[in-house]
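This report describes selected packing and pairing features of the structure shown below.

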Amino acid sequence: MSPMHDIFTRSAAVRANSYDPKTRTFRAIASTGADVNRGSYVERLPLDAIDVASMVGKPLIDSHATNSVTAAGGKILSAERTADGIEVTAQLLDTPDVAPFAARLEAGLIPGVSIGYRGRLGTAVTPPSGM
């Protein structure tokens with residue numbers, strides 16, 4: 001298992017037509033809880049282990065670039081469990097550097113985003129079948 005400081009990523013689907021240019025908000029499924037094959041193991045992210053309240057206020061980071069404050073393009077406003085998994089409402093900053101991302105969301109050109117999270121002890125991982 002990787003150390004706690006490693007950042008893991010998962011694909012997250014943006015809700016179709018959810019971008020509101022007036023409020024700069026959109027909705028996305030942060031996780032469905034589906035297994036992710038990482039090659040040497042299968043990562044399992046149990047949704048019931050996620051504290052959705054702790055997601056509120058977390059930044060939206062461009063390409064997981066944590067080495068620059070300018071990579072922060074917005075934040076998570078709310079998070080909730082739904083039948084589809086964990087769904088978030090996020091808001092983009094109203095700044096020139098974020099405008100291209102907002103334009104692409106509004107045009108429907110961004111079908112998904114990637115979420116990043118830090119691993120914790122106890123994260124369930126199992127070898128892929130056939131190993």
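## Contacts of valine 88

Contact here means heavy atoms within 4.5 Å. The model is predicted. Leaving out residues up to four places away in sequence, valine 88 touches Phe26, Arg27, Ala28, Ala30, Met55, Ile76, Ser78 and Ala79.

## The largest nonpolar core

Valine 88 also belongs to the largest nonpolar core, which has 18 residues. Together with Tyr19, Phe26, Met55, Ile86, Leu92 and Leu105, Val88 is among the residues that touch the most other members.

Two or more residues of this core come from each of strand E2 (25-31), strand E6 (72-82), strand E7 (85-92) and helix H1 (99-106). The greatest contribution is that of E7, which supplies 4 residues.

## Strand pairing around E6

E6 pairs with E7 in the antiparallel sense over 8 bridges, and a hairpin connects the two strands through 2 residues. Within this pairing, isoleucine 76 stands opposite alanine 90 in E7.

E6 also pairs with strand E5 (residues 59-61), again in the antiparallel sense, over 3 bridges. Here proline 59 has lysine 75 of E6 as its bridge partner.

Serine 18 lies in the loop between strand E1 (7-13) and E2. Is this serine 18 buried or exposed? Its relative accessibility is 19%, and therefore serine 18 counts as buried, the cut-off being under 20%.

Apart from neighbours within four places in sequence, serine 18 is in contact with Thr25, Phe26 and Arg27. A polar atom of the serine 18 side chain lies 3.0 Å from the backbone nitrogen of arginine 27.

Terms used. Residues are numbered from 1 along each chain as its sequence is written. This is a predicted model: local features need pLDDT of at least 70, side-chain atom pairs count only at pLDDT 80 or more; totals for chains, interfaces and linings use all residues. Side-chain values use heavy atoms; hydrogens and water are left out. A nonpolar core is a set of buried Ala, Val, Leu, Ile, Met, Phe, Trp, Tyr and Cys residues joined through side-chain atoms within 4.5 Å. Buried means under 20% relative accessible area, exposed over 50%, partly exposed in between (1.4 Å probe, protein chains only). A polar contact is a pair of N or O atoms within 3.5 Å; within protein, one must be able to donate a hydrogen and the other to accept it, and residues adjacent in sequence count only if both atoms are side-chain atoms. Two strands pair if DSSP finds at least two bridges between them.
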